[in-house]
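Subject: Structure for you to look at

Hello,

Here is the structure I said I would pass on. Please open it first, and then read the notes below alongside it.

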Amino acid sequence: MEKAERLSCSDAVRQFFAYLDGALAGDPLEALEEHLEACLDCCQKLDFSRTLDAYVKGRLKEEPLPEGIEERIRRRIEDKEGTER
Amino acid sequence: MDVEARRRFEDLALPHLKSLYQFALRVTGTAGTAEDLVQETFLKAIEQFPTLRDPARFKAWLFRILSRLAIDRRRGEARQVPVQVTEDIDRFSLYDLIWEEDPLPYSDHLHEDFLARFRDEEVRAALLALPEAYLVPLLLVYLEGMKYRELAEILDLPMGTVMSRLHRGRKILERQLWECAKQRGLVKTWKKPSD
């Protein structure tokens, strides 16, 4: 429990998003996981961060491409290449 | 560039059109501006295509171009109310505020029910209000599931900066949602400290 004791709640909270994004490894990950085992308040806050992330992502649903966009891009590339040749 | 090289570019680039457009849409907020940005990305990319060293990293390379163009474009725009970012934002906690305010006293799932009261467009507006330095990496995580190492490369930032921007970006988003809740009257009894 040594590492968990060293990690304060505010330090733990600062690592939540890196943890959720899968960017923590080694000692920092171990220290956070040990802290979470011992701190219910941080577990609940982490759950909320996870919920909020999923909630926001859910509001970014894929929108259809504007009609004809691919054709317009091809044409602009052709025009650009044509003028530069 | 000869026709064959141009075709090769289009074959590599066009399959990513949908992802690029979704990102551009969320970073600009409007379909027309998003298309402009994507077109500009393709033109810039074909210009730099002959210097591309690693075709396996083509998608990341396109996002690097698009991200830079998006950041430049947003910096050039005067936003109506620029979002203030101060050091204390790192400690902002929407979780604590909802808990303290308890806007839905009969709810068994207070935090989830609170979030459910926002309209989709309000959440997107809250996100769009983020300064570009925070919005761009956050969208790359949300939409593309990019790893911190890729973000560091795409945005030319040290890993520590990527990490702090993704933390701070989410904290700014939490604050924007709280402000929106106050304006909408979702939080009824909250008073400014100065009142």
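A residue is called buried when its relative accessible area is under 20%, exposed when that area is over 50%, and partly exposed in between. By that rule Arg26(B) is buried, because its relative accessible area is 10%. Keep in mind that this is a predicted model.

Chain B as a whole

Chain B contains 10 helices and zero strands. Its C-alpha trace spans about 65 × 35 × 35 Å along the principal axes. Chain B has 195 residues, of which 52% count as buried. If you take the contacts in chain B with a separation of 6 or more, 70% of them come from residues 24 or more positions apart.

Where chain B meets chain A

How many residues of chain B are in contact with chain A? There are 46 of them, and they touch 34 residues of chain A. About 4200 Å² is buried between the two chains, with 64% of this area given by carbon and sulfur atoms.

The interface of chain B and chain A also has 11 salt bridges. One of them joins Arg59(A) to Asp120(B), with the closest N and O atoms 2.9 Å apart.

Several helices of chain B give two or more residues to the side that touches chain A, including H1 (3-13), H2 (17-28), H3 (31-48) and H10 (159-184). Which of the elements gives the most? H10(B) does, with eight residues. Sorted by class, the side of chain B that touches chain A has 27 nonpolar, four polar and 15 charged residues.

Helix H2 of chain B

Arg26(B) forms a salt bridge with Glu63(A), at 3.6 Å from N to O. This pair crosses between chains: Arg26(B) is in helix H2 of chain B, while Glu63(A) is in the loop between helix H4 (40-58) and helix H5 (69-84) of chain A. Is Glu63(A) buried, partly exposed or exposed? Its relative accessibility is 31%, so Glu63(A) counts as partly exposed.

Gln22(B) is found in helix H2 as well. Its relative accessibility is 7%, so Gln22(B) counts as buried. Apart from neighbours within four places in sequence, Gln22(B) is in contact with Lys61(A), Glu62(A), Glu63(A) and Leu143(B). Asp54(B) is 32 residues from Gln22(B) along the chain, and the C-alpha atoms of the two are separated by 24 Å.

Thr28(B) also lies in helix H2. Its side chain reaches the backbone oxygen of Ala24(B) at 2.8 Å and the backbone oxygen of Thr30(B) at 3.3 Å. Leaving out neighbours within four places in sequence, Thr28(B) is in contact with Thr33(B), Ala34(B), Leu37(B) and Leu128(B).

Salt bridges elsewhere

Over all chains, a search of the whole structure finds 26 salt bridges. In one of them, Arg75(B) pairs with Glu132(B), and the closest N and O atoms are 3.6 Å apart. Arg75(B) lies in helix H4 (residues 58-76) and Glu132(B) in helix H8 of chain B, so the pair ties together parts that are 57 residues apart in sequence. Arg75(B) counts as exposed, because its relative accessibility is 55%. Glu132(B), in turn, is buried, because its relative accessible area is 9%.

Lys171(B) and Glu174(B) form another salt bridge, at 3.3 Å from N to O. Why are these two separated by about one helical turn? Lys171(B) and Glu174(B) have that spacing because they are three residues apart in helix H10 of chain B. Both residues are buried. Elsewhere, salt bridges that share partners join Arg14(A), Asp90(B) and Arg168(B) into one network.

Regards

How values were computed: Residues numbered from 1 in each chain as written. Chains lettered and ligands numbered in written order. Predicted model: local features only at pLDDT ≥ 70, side-chain atom pairs only at ≥ 80, totals over all residues. Heavy atoms only, no water. Contact = heavy atoms within 4.5 Å. Buried area = accessible area lost by both parts, 1.4 Å probe. Salt bridge = Lys/Arg side-chain N within 4 Å of Asp/Glu carboxyl O. Helix = DSSP H or I, 4+ residues; strand = E, 2+ residues; numbered from the N terminus. Nonpolar A, V, L, I, M, F, W, Y, C, P; charged D, E, K, R; others polar. Buried < 20%, exposed > 50% of the residue type's maximum accessible area, 1.4 Å probe, protein only. Polar contact = N/O pair within 3.5 Å; in protein donor to acceptor, adjacent residues only side chain to side chain.
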